[in-house]
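Notebook open, model loaded. I wanted to look up some charged pairs first, then a couple of helices.

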Amino acid sequence: MKKKGISALAAAALVLTALTGCGSNDGANDAANAGAAGGANGAAAGNAGGNAQQTADGPSWKQDTSPFTFTQYFYGNWASSYLWKDQYAMKLATEKTGVTVDRKLATGSDDDYLNTMIASGDLPDTIMLDWNNPAVSKLIKNGMVYSMDELMDKYAPAFKAQLDPDMVKYHSIDGKLWYLPNLYETKDRLTSGVPIVAVRPWFIRSDIYKAIGSPTIATTDDLLNALKLAKEKFPKISPVGVEFFDVNKNGFGGSNSMDYLIDSFSPHLLEERVKDDRQLVEYPMRNKGFIDAFRFMSQLSRNGLLDPQLLIYKQEQYEEKLYGAQYAVASQFMNNMYTMYNPKIESTLGKDQTYTVLDGLKANGQAPRYPASRLMGWQGFFVTKSAKNPERIIRFAEYAWSDEGQMDMRYGKEGETYDMVDGLPKFKQDILDMSIKDNAAFNAKYGFSDSTLLFRAGKAWDDAAARDLKESQPDQYAASKLLEKYNFDDYTLGMENLEPDGSTPEGTINAKVKDLWNKTIPKLILSKTDAEFDAAYNGFLKQMDQVGAEKVEKVMYQRHLDDLKKKGL
């Protein structure tokens with residue numbers, strides 16, 4: 001699953017990492033880590049309330065398994081692997097429930113496509129949409145989606161017993177749960193299972209690293225010097241590869257690759273943004289460390305180490321060069337690098353040209369800190385009022401959320417695609433080998449990471465995923481452990497979902513600020529001198545204040561307090 005442009009990102013971290021393909025991310029975030037004692041035998045597997053209380057006739061989804069298809073729009077036009085075709089997991093879900101998901105992607109811009117649907121009222125039966133997307137409030141306020149509570153109470157009352165109480169509390173709006181969050185993590189998950197890497201790490205090509213003397217790269221200065229050496233010895237290779245810049249899709253860092261630097265130059269960014277004395281949560285663009293990360297990018301550009309085309313590259317162009325190992329240093333999801341890019345590079349160019357992860361970088365004498373929050377999740381599963389049969393949809397969701405459903409979409413059938421080993425599921429060896437050596441083929445044939453997109457945490461399958469990753473991909477496991485030590489749980493900081501509702505005056509101002517920042521980033525990175533950088537940055541600050549940024553910062557402070565209250569802090 002290639003999760004791309006997930007907010008917080010941390011979405012990546014939330015991707016089920018054992019056998020990937022954003023996942024997710026991106027999404028992205030891909031293959032299903034699986035589960036636990038259960039599966040075909042129906043044993044309990046999860047730790048998030050997974051065992052549904054059953055009616056006299058069993059789970060509600062078993063009451064009607066006749067053929068039924070519902071439509072679904074997925075917000076992410078890159079996600080062609082998520083389309084239901086003839087994959088094993090999709091066929092298994094249909095075989096058990098009778099349900100087929102007719103999943104659709106946008107043609108062109110996701111935001112334009114979604115906003116047009118909302119404006120016209122021509123909605124599919126269901127939507128998979130980032131739960132903190134500005135469009136969510138429109139869907140709820142305009143009465144265009146059902147609440148999960150309403151549907152569960154009416155059609156699947158036992159479903160509620162499966163839901164984690166903390167998840168329900170956090171994700172409820174005005175006392176109602178309007179969506180089911182995909183890929184949310186429990187508190188336990190932050191310290192167990194596959195090691196979480198909460199940023200897109202930067203990697204160096206192995207043969208280039210060896211050719212420049214395998215220097216220690218522990219600081220941003222070390223990285224700069226290593227890149228200069230790489231350019232000198234490999235002039236035809238682009239020194240640095242970073243993913244596309246778009247503030248609206250990737251947050252204020254602009255590119256998902258920037259978090260690695262931002263969390264080095266400003267390791268306490270989240271705390272520093274809160275100004276209790278002024279009752280503001282400042283935009284990160286006011287933070288010196290945050291801007292220093294862009295100064296570093298400008299330094300790379302001035303030294304001829306950053307191709308200006310990267311600022312306008314589409315994701316596909318960046319990935320094409322990465323598959324060809326055309327960068328000395330490149331950024332990518334941890335799981336994607338080790339299950340997609342490195343295997344392809346090894347098979348076509350040789351193992352010596354595969355990539356090795358860099359350690360966290362110190363900047364200005366500070367160690368990095370990577371925020372990794374629990375409960376947030378990635379996309380939400382919404383049922384619209386246009387749904388022809390919301391009863392079958394919510395009952396299908398009950399199946400997907402159950403231990404049985406989780407095992408089906410993560411591992412398939414016991415004895416056929418997996419066996420139980422020491423109480424934990426494990427893929428048959430040929431399937432496990434395919435997931436490692438040809439992840440694209442694995443996803444296309446089995447679809448375990450791509451089917452219902454209603455993944456939830458569960459200690460047993462998290463443990464199985466960690467075991468499998470450690471045994472079958474020791475390099476990725478070691479790389480993840482290397483960076484995991486920089487994680488911190490930012491849950492208690494109350495910094496989730498701060499941006500104002502897009503339909504409010506402050507939301508309009510926020511959109512203007514984003515547009516200004518989007519236009520400023522290239523000016524900063526491509527600046528020829530410090531004076532030029534400062535002029536562009538100061539000009540942005542002035543414009544930002546002129547459009548009313550402080551009004552947004554006051555709203556973000558109130559939303560910060562609301563987030564703390566919601567978490568009981």
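This is a predicted model: local features need pLDDT of at least 70, side-chain atom pairs count only at pLDDT 80 or more; totals for chains, interfaces and linings use all residues.

I started with Lys-567 and Glu-496, which form a salt bridge with their closest N and O atoms 2.7 Å apart (a salt bridge being a side-chain nitrogen of Lys or Arg within 4 Å of a carboxyl oxygen of Asp or Glu). Lys-567 sits in the segment after helix H23 (549–566) and Glu-496 in the loop between S15 and H21, so the pair ties together parts 71 residues apart in sequence. I checked burial too: Lys-567 is buried at a relative accessible area of 9%, and Glu-496 counts as buried at 10%. My cut-offs: buried is under 20% relative accessible area, exposed over 50%, partly exposed in between, with a 1.4 Å probe and protein chains only.

Residues are numbered from 1 along each chain as its sequence is written, and side-chain values use heavy atoms, with hydrogens and water left out.

Next, the other bridges. The structure holds 29 salt bridges. Asp-501 pairs with Lys-141 at 2.8 Å between the closest N and O atoms. Asp-501 lies in the loop between strand S15 (487–488) and helix H21 (505–525), Lys-141 in helix H4 (residues 135–141), so this pair ties together parts 360 residues apart in sequence. Here Asp-501 is buried at 13%, whereas Lys-141 is exposed at 59%. I also found Lys-481 bridged to Glu-484 at 3.0 Å, N to O; both lie in helix H20, three residues apart, about one turn of the helix.

For elements I went by DSSP runs numbered from the N terminus: helices are H or I with at least four residues, strands E with at least two.

Then H13 (residues 315–323). Which of its residues are buried? I got Gln-315, Tyr-318, Glu-319, Lys-321 and Leu-322. Down the axis of H13 they fall within an arc of 160 degrees, so they line one face of the helix; the arc is that of the directions from the helix axis to the C-beta atoms. They pack against strands S6 (238–241), S9 (327–331) and S10 (355–357) and helix H14 (334–348), with contact meaning heavy atoms within 4.5 Å. Just after H13, I noted a positive phi of about 55 degrees at Ala-325.
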